Amino acid sequence: MDRTAKADLVSTLNGVFANTAVVVVAHYKGLTVADMQKLRSQMKQAGATVKVTKNRLANIALDGTDVASIKPLLKGPTLLAYSSDPVAAAKVAVDFAKANEKLVILGGAMGTTALNPDGVKALAQLPSLDELRAKIVGLIQAPATKIAQVVNAPAAKLARVFGAYATKDEAA
């Protein structure tokens with residue numbers, strides 16, 4: 001990789017680190033190419049990205065960003081998983097690490113907050129942005145449904161009473 005390509009990569013990574021909500025750092029030693037492709041596809045489906053870069057270039061790119069607290073984690077064969085959704089990258093990384101023990105989560109950062117491996121696992125247990133939005137919509141729709149049921153209930157009760165009297169009169 002020549003000097004200009006390195007400079008482009010550093011500026012790209014710096015932009016990524018400045019604009020992402022969460023970054024997860026993990027060791028990937030021993031993962032096969034097929035495993036890495038599977039991890040990348042799962043991350044892509046969740047709206048996250050996996051990047052393997054030279055640690056030295058990543059360290060340079062981290063300067064001046066909120067997630068600079070992950071610098072000490074960049075030793076050995078590391079991969080960076082990041083997303084704009086604060087939960088997506090952590091959730092996929094933790095799930096993949098459960099299925100494949102060769103992926104070892106070292107930690108990460110959410111904004112200026114440094115996360116240890118337990119912090120990343122706790123973050124992964126939270127509902128994603130889409131799940132939260134669905135819950136909010138459900139909560140908003142629930143009162144409207146209940147109001148409609150309450151408004152329709154007296155009319156339904158009256159109809160049942162009239163129906164009962166009609167069948168009672170026919171029987172008599």
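**Surface, fold and cores**

Author: The chain exposes about 10600 Å², with carbon and sulfur atoms supplying 59% of that area. Please note that this is a predicted model.

Reader: And what percentage of the residues count as buried?
Author: Of the 172 residues, 32% count as buried.

Reader: How many helices and strands are there?
Author: There are six helices and five strands, and along the sequence they follow the pattern α-β-α-β-α-β-α-β-β-α-α. The radius of gyration is 27 Å, well over the 16 Å that the globule rule gives for 172 residues, so the chain is more spread out than a compact globule. The C-alpha trace spans about 100 × 35 × 30 Å along its principal axes.

Reader: Which residues touch the most other members of the largest nonpolar core?
Author: That core has 24 residues, and those touching the most other members are Val24, Leu39, Met43, Leu79, Leu103, Ile105 and Val120. Elements that each supply at least two residues include strand 1 (22-27), helix 2 (33-46) and strand 3 (78-83). Helix 4 gives the most, with seven residues.

Reader: What is Met43 in contact with, leaving aside neighbours within four places in sequence?
Author: Met43 is then in contact with Ala48, Thr49, Val50, Ala81, Ala89, Val92 and Ala93. Apart from this core lies another, of 17 residues, among them Leu13, Phe17, Val67 and Ile70.

Reader: Changing topic, how far apart are the mean positions of the positive and negative charges?
Author: The mean positions of the 21 positive and 13 negative charges are 5 Å apart.

Terms used: Residues are numbered from 1 along each chain as its sequence is written. This is a predicted model: local features need pLDDT of at least 70, side-chain atom pairs count only at pLDDT 80 or more; totals for chains, interfaces and linings use all residues. Side-chain values use heavy atoms; hydrogens and water are left out. Helices (H or I, at least four residues) and strands (E, at least two) are DSSP runs, numbered from the N terminus. The radius of gyration is taken over C-alpha atoms; the globule rule is 2.2 Å times the number of residues to the power 0.38. Buried means under 20% relative accessible area, exposed over 50%, partly exposed in between (1.4 Å probe, protein chains only). Accessible areas come from the Shrake-Rupley method with a 1.4 Å probe; for residues, only the protein chains shown count as cover. Lys and Arg count as positive and Asp and Glu as negative; His and the chain ends are not counted. The place of a charge is taken as NZ of Lys, CZ of Arg, CG of Asp or CD of Glu. A nonpolar core is a set of buried Ala, Val, Leu, Ile, Met, Phe, Trp, Tyr and Cys residues joined through side-chain atoms within 4.5 Å. Contact means heavy atoms within 4.5 Å.
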